[in-house]
Amino acid sequence: MKLLLKRKLSHWQNQLLDLSRRNRMIHFRQTRLSSLRLTVPDYETLFERLYRKEETLTFCRELNQQQNQRMYSLLELFTALDAPIEVTIGEIHAEGNSADIQRTLNHMRSKAKLSLEEQGINILYLCIGLLRWSSPKRSYKEEMLSPLVLVPVVLQRSTISAPVTISRYDDSAVTNPTLSYLMQSEFDLTLPKFDDEEEFISDYLEKMEKFAQANGWELIREARLGLMSFQKITMYKDIQNNLERIENNPVMLALAGDSSALPLPEEELPELDSIPSHEVFEVMKADSSQQEAILYARQGISFVMQGPPGTGKSQTIANIIA
């Protein structure tokens, strides 16, 4: 039976991974509101300062006349003397004009914050290095651009007029797990892994250069900032990291098809009227069918409770918890 469960788990894991062009982990697309190409500092300095040293860096923005009146007046003087000076404040430069960059940063910050608050999942990543590749197989005939090293980051802004800052999010940098799985499953290729504790990012990209050249592909050494979803990858890893626990779990065995893993109770449920009131801890009203579900739960019996909206499923769960 455990062999059947292993086959089921393998199938479930594969279903969790989206290997199509729609997945930005496979085909990274430069979009107006969800990604930025970072130009300064270079990718090595950016990785070292953000990830290793855990510094907080500021995105460049134009000088604000209201906030920097003296400096602005001085720049106007240079302009009047036919010697204009372009001044920006910040450390990170991105491709595009200042207004578009700020709009994109605000959008990404808002989306990433919403994902963290509602789902507890960070979806904002600094991508170091990209692999440009294609294959005659299936839907990969057209050119793909896949991120390699993914560094979780967070964007912050103290006030509406303050500059946007970027810092490392409390998680480890990883080699693109979806791309790793695709390379192994579709092409029988092992994507080099990045050791975030010991390895220099430049050394890793040297390995990736050799990997790319060996397969007729191209490595792009640059940094991109983008929104990417890891929800299903997290579930995939949960299965991978808990195989032994899953194989010994009766609920999982039952889901895989073992009808004997969760036997029905040998004794019938007691009459509801015979249960003393001091043993009933219902915090919400419950009819007889709901009370039966509560009794099954109290006996440790696994079951599926179903019913149309408004039939009291949520109230029954609340009573079970109580």
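Tutor: Happy to! Let's begin with a term: two strands pair if DSSP finds at least two bridges between them. Keep in mind that the model is predicted.

Now look at strand β8, residues 165-168. Strand β7, residues 144-156, is joined to β8 by 4 bridges, and the two run antiparallel. Within β8, Thr165 has Gln156 standing opposite. Strand β2, residues 57-58, is joined to β8 as well, here by 2 bridges, and this pair also runs antiparallel. Find Ile166 in β8 and you will see Leu57 opposite.

From the strands we can turn to the nonpolar cores. In soluble globular proteins, nonpolar side chains tend to be buried together. In this model, the largest nonpolar core has 63 residues. Those with the most contacts inside that core are Leu38, Ile128, Leu131, Trp133 and Leu225.

Last, a pair of helices. Helix α10 (residues 288-298) packs against helix α11 (residues 313-321) at an angle of about 40 degrees, and their axes are 10 Å apart. Their crossing is right-handed. On the α10 side, Gln290, Ala293, Ile294 and Ala297 make the contact, while α11 contributes Thr316, Asn319 and Ile320. Sorted by class, that contact has 4 nonpolar, 3 polar and no charged residues.

Technical notes: Residues are numbered from 1 along each chain as its sequence is written. This is a predicted model: local features need pLDDT of at least 70, side-chain atom pairs count only at pLDDT 80 or more; totals for chains, interfaces and linings use all residues. Side-chain values use heavy atoms; hydrogens and water are left out. Axes are lines fitted to C-alpha atoms, for helices over the stretch in contact, and angles run from 0 to 180 degrees between N-to-C directions. A crossing is left-handed if the near helix is turned anticlockwise from the far one by less than a right angle, and right-handed if clockwise. Contact means heavy atoms within 4.5 Å. Ala, Val, Leu, Ile, Met, Phe, Trp, Tyr, Cys and Pro count as nonpolar, Asp, Glu, Lys and Arg as charged, and the others, Gly among them, as polar. A nonpolar core is a set of buried Ala, Val, Leu, Ile, Met, Phe, Trp, Tyr and Cys residues joined through side-chain atoms within 4.5 Å. Buried means under 20% relative accessible area, exposed over 50%, partly exposed in between (1.4 Å probe, protein chains only).
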